[in-house]
Amino acid sequence: MKLLLVSENEELRGLLAFHLRPVGVDIVRYLQPVKAMDNIDEVDPELVLFSAADFPRHWKPFVKLLRERKSREECVIVLLRGPVFPFEEAAKAQFLGVNGVVEENLADPRVFSILEEILLRYGLIKEGRVTRRYIPHEYDEIEFILTHPDTLQLVTGHLSDVSLTGVCFVPEVPSMISGLPDGAAIPTCSLKIGGEFLSISARVVRNGNALALQFTRLPAESAEVITKYLDQRSARALDHLRESVG
C-alpha cells in the first residue's frame, strides 16, 4: 500500500514508518502541497495523510482534485488537524469526501489508535496485524531495560506502548539516550513481561521525547510469550477491577 504524506513535520514520517512499514506500507512524503498535487497521478496513493494544520488553505483544493480521480473507497484521505479545527471546516471536509480527521499529534498512542481504527474500517490494515500496539496499565507486569551500545550503561524507564514489532520507551534519565541517532543498533535489550525475561535486539527508529525501537531479533518463542500476555489483558483488567472494589 502506498501512503502519501503531505506535512512539514519530519518526525511524523519516522513515526508512521515505525508503525506501518512492517505491514507493507510505502511512504511518499511531500513538503509542498502544490508539488503533491502535480504528482498525484504518478504517486497513485491508496492512503493520504494531509496536514491541515500546516496547510490550512491547501487541503480543500487537494482533496477536490484527488476526489475527481479516486472515490472514498479507492483512496482514503485523513486530515491531520491542529488544536483548533472549526465545525465549519469539519463540515467542508465531510462534503468534499474526507474519510477522517485526527489530531496531528500521532506520537500520542491514544491519537494514533484513532488513525488505526480508520485504517481498519476501510480495510487498509487487518485486525490480526502484528503491529497492534498495547498501552500498558498499572495492573500489567511489563518492564524494559536497554544497554547503551556505546557507554554500555543500563538505561531504565517505562514503556508507553508495546507490540510484536517494537516498543516506545521513555527513559528515566533522558540524557542517557540523547546521543543515539536514528538507525542506531541496540543489540542488548531485556523485556520482562508476565514474569518472563526476554532478550531482544532492536534499532532506533526515532529519538525524541521517547525512544521508538523496532525489534531486529525476536525469537518465535519470545513472540509467543508477548502475544499470550497481551491477549490476556481483558482478564487482568477484570481481576484488577475486582481487587479495587473488594
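A: Buried means under 20% relative accessible area, exposed over 50% and partly exposed in between, with a 1.4 Å probe and protein chains only. His-148 counts as buried because its relative accessibility is 6%. This is a predicted model, in which local features need pLDDT of at least 70 and side-chain atom pairs count only at pLDDT 80 or more, while totals for chains, interfaces and linings use all residues. Residues are numbered from 1 along each chain as its sequence is written, and side-chain values use heavy atoms, with hydrogens and water left out.

Q: Where does His-148 lie, and which residues does His-148 touch?

A: Helices (H or I, at least four residues) and strands (E, at least two) are DSSP runs, numbered from the N terminus. His-148 sits in the loop between strand S6 (142-147) and strand S7 (154-162). Contact means heavy atoms within 4.5 Å. Not counting residues up to four places away in sequence, His-148 touches Gln-153, Val-155, Met-176 and Leu-180.

Q: Which backbone nitrogen does the side chain of His-148 reach at 3.0 Å?

A: A polar contact is a pair of N or O atoms within 3.5 Å; within protein, one must be able to donate a hydrogen and the other to accept it, and residues adjacent in sequence count only if both atoms are side-chain atoms. The His-148 side chain reaches the backbone nitrogen of Asp-150 at 3.0 Å, and that of Thr-151 at 3.2 Å.

Q: Which residue caps the N-terminal end of H1, and which residues in H1 are buried?

A: Asn-9 is the cap, with a side-chain oxygen 3.0 Å from the backbone nitrogen of Glu-11. The buried residues in H1 include Leu-12, Leu-15, Phe-18 and His-19.

Q: How many cavities of 30 Å³ or more are there, and which residues line the largest cavity?

A: On a 1 Å grid over the protein atoms alone, a cavity is a set of points where a 1.4 Å probe fits but cannot get out; lining residues have an atom within 4 Å of a point. Grid points are joined across faces, edges and corners, and a volume is the space filled by probe spheres set on the points. The count is 2 cavities of 30 Å³ or more, and the largest cavity holds about 60 Å³. Among the residues lining the largest cavity are Leu-15, Phe-18, His-19, Arg-133 and Asp-161. H1 supplies the largest share of this lining, 3 residues.

Notes: On a 1 Å grid over the protein atoms alone, a cavity is a set of points where a 1.4 Å probe fits but cannot get out, and a pocket is an open set with protein on both sides within 12 Å along at least five of seven lines; lining residues have an atom within 4 Å of a point.
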